[in-house]
Amino acid sequence: MKKYFPLFLVGLLFISIVAGCNNNETASSGEPHPNAGKENEFGWTVPKYTLEFSYYAGQLNPKDVEKNTKLLNEFLLEQFNVKINKKVTETDPKERLNLMLASNDYPEVITGLSPAEVEKWKNQKRAIDLTEYIDKYAPTIKEKLGDTYKRYLDKDGKLYGLPNYWGYLPIPDYSANIPYTKWVEIGKPKTISTEEYFDLLKEMQANTPVNQNGQKTYALSGENWKTGYIYKVLAGAWGLKDGFKEDENGNLTHWINTPEGIELTKYLNKFQVEGLLDPNSFINDFDQWKEMFSNKRVFGSIGPWWHSWNAGHEVWQKTDKNWKPDDHYVQIGLKAPGVDQAYLSPKNTIGSSRTIITDKAKDPEKIIKFLNFAFSDMGNKLLGWGVPNEEISIWGNKSGEWTWVEERKNELINGKYDYDKGFLTGQGEYAIVAYQGMMEDETNWWYDQNFNNEAEWKRDLNENLKDTIFDNTLKAISVPLNDPLAVKEEQINTLINTGISKAVQANSPEMAEKIFIDLREKVNKAGLNEIEEYKTKIYKERLKNWK
């Protein structure tokens, strides 16, 4: 199971920004380290004095992060003489970042920013130019980024934001999910049509209208649909790529301006009209949805594949003494009738997230040296897989050779790995500049993606969904925040997500279509056509210049 990260980001412990962001006495402090100047087994040259910096990475439960980073904190301080004060908030990251800017109180390193947000911090002179530091102190960064390095530069050829979660990760993200026994019964298809999926879920719900506790069941349920991700996934089932349709001339059209947009909205509405849709799909957070799924009140879901793992067999095998391996969900493709190819999982090889060093950094040279280490394969492994050589570790050094812990590996392959214990080693908690492509030895930053060919259930999902993955790098375009279009885009996205939820929950397909058409007219008047033109322009420029 790939641990659930909200929009895709890892969170870190936020400790009172007002009290904590500016209190580091110096970036290099304390007593000299006994191994100062020596290279450790990871290839890191230990500094004489402790390298310390503060780091904000978004939204998560601070208590969970504090627990999951304790061991790695101790390890980095002892072995690396590095101390990173990690901070997260339980509030919305955008709100928190705006508050930081307004109060002029923020940490030395911030990740999870979009390219557009990096521009905002740069324009306010809060993000520092990293170009010279990288040229002098970070050869690994330039080596790893290679020809793509120039894609991160601004119009003046300067680099302000380093990529996070970058590289091509050839694994699926989104799918339709059905019980394994039902999948076997219908012949183990790699892909199912939208209509077949509807009929299948409807039949299952009719056969079991309440769960073992007498609670009402639903054919389809979702979590946090108000964010709008569900529409992009379904647009992919109708042959669109990441919510946009491209014509033969390279012009991009938003899904709401396409016939496919009407069809996918009416498809979801069909579940609603027949009483098969969980009414809380637009407001469920993950934990609320997980509780429903774990209690077998849900028969189908469309979205991240790991949700049905985390909320399904990873719960049942611990809580049900009669659990059998057949009681798990399978991930398959979803395709509308008449569509040649479904595109469910877009990949942005340059990463949608950026990391900046702010003007609060007391020693950006030393921070960039640490980030240079994080770009190395060994750095990527350590910060992805967590502390080695502990009882609960997933990897370690035996007789001078780095290797997997066989017991942990077998637990993962057999679906019995305890992620709660594993995350105590710090797995993924230091995703500052994570590379999620395949490293030189064919291993991956995501620990659970390293043994796919040996794990039957992973092999099934990857085989079923391999044709639904696509490289969307050229079309992953964000509007700069200083452009008036950025405000329009945010307003339009809010209008769409609110309006489509009303269309989906309409009492008839005719009413759903009317709400949709009215909404389409409204968002185009608000400037959606301008956004389509802007993204088409940038896309065509990238086609020409990004070789």
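**Figure 1. The whole chain.** Buried residues make up 56% of the 547 residues in this chain, which is shown as a predicted model. The secondary structure consists of 20 helices and 17 strands. Along the principal axes, the C-alpha atoms fill a box of roughly 70 × 60 × 45 Å. The radius of gyration is 24 Å, which agrees with the value near 24 Å for a compact globule of 547 residues. Among contacts between residues at least 6 apart in sequence, 77% join residues at least 24 apart.

**Figure 2. Helix α11 and the elements around its buried residues.** Helix α11 covers residues 286–294. Its buried residues are F286, W289, M292, F293 and S294. An α-helix has 3.6 residues a turn, so residues three or four places apart point the same way.

Figure 3. At the start of the helix, a side-chain oxygen of D285 comes to within 3.2 Å of the backbone nitrogen of D287. After the helix comes K296, which has a positive phi, near 60°.

**Figure 4. The second largest pocket.** This pocket holds about 340 Å³ of space. Its lining has 19 residues, and those closest to the centre are I171, Q449, N452, N453 and N462. By type, the lining residues divide into seven nonpolar, six polar and six charged. Helix α17 gives the most to the lining, with four residues.

**Figure 5. N462, at the pocket and in helix α17.** N462 is found in helix α17 and is one of the residues closest to the centre of the second largest pocket. Its relative accessible area is 15%, so N462 counts as buried, the cut-off being under 20%. Leaving aside neighbours within four places in sequence, N462 is in contact with I171, P172 and N452. Of these contacts, I171 and N452 are also among the residues closest to the pocket centre.

Figure 6. E442 lies in the loop between α16 (419–422) and α17 (456–465). E442 has a relative accessible area of 55% and is therefore exposed, since exposed means over 50%. P388 is 54 residues away from E442 along the chain, and the C-alpha atoms of the two are separated by 19 Å.

Conventions. Residues are numbered from 1 along each chain as its sequence is written. This is a predicted model: local features need pLDDT of at least 70, side-chain atom pairs count only at pLDDT 80 or more; totals for chains, interfaces and linings use all residues. Side-chain values use heavy atoms; hydrogens and water are left out. Helices (H or I, at least four residues) and strands (E, at least two) are DSSP runs, numbered from the N terminus. Buried means under 20% relative accessible area, exposed over 50%, partly exposed in between (1.4 Å probe, protein chains only). On a 1 Å grid over the protein atoms alone, a cavity is a set of points where a 1.4 Å probe fits but cannot get out, and a pocket is an open set with protein on both sides within 12 Å along at least five of seven lines; lining residues have an atom within 4 Å of a point. Grid points are joined across faces, edges and corners, and a volume is the space filled by probe spheres set on the points. Ala, Val, Leu, Ile, Met, Phe, Trp, Tyr, Cys and Pro count as nonpolar, Asp, Glu, Lys and Arg as charged, and the others, Gly among them, as polar. Contact means heavy atoms within 4.5 Å. A polar contact is a pair of N or O atoms within 3.5 Å; within protein, one must be able to donate a hydrogen and the other to accept it, and residues adjacent in sequence count only if both atoms are side-chain atoms. The radius of gyration is taken over C-alpha atoms; the globule rule is 2.2 Å times the number of residues to the power 0.38.
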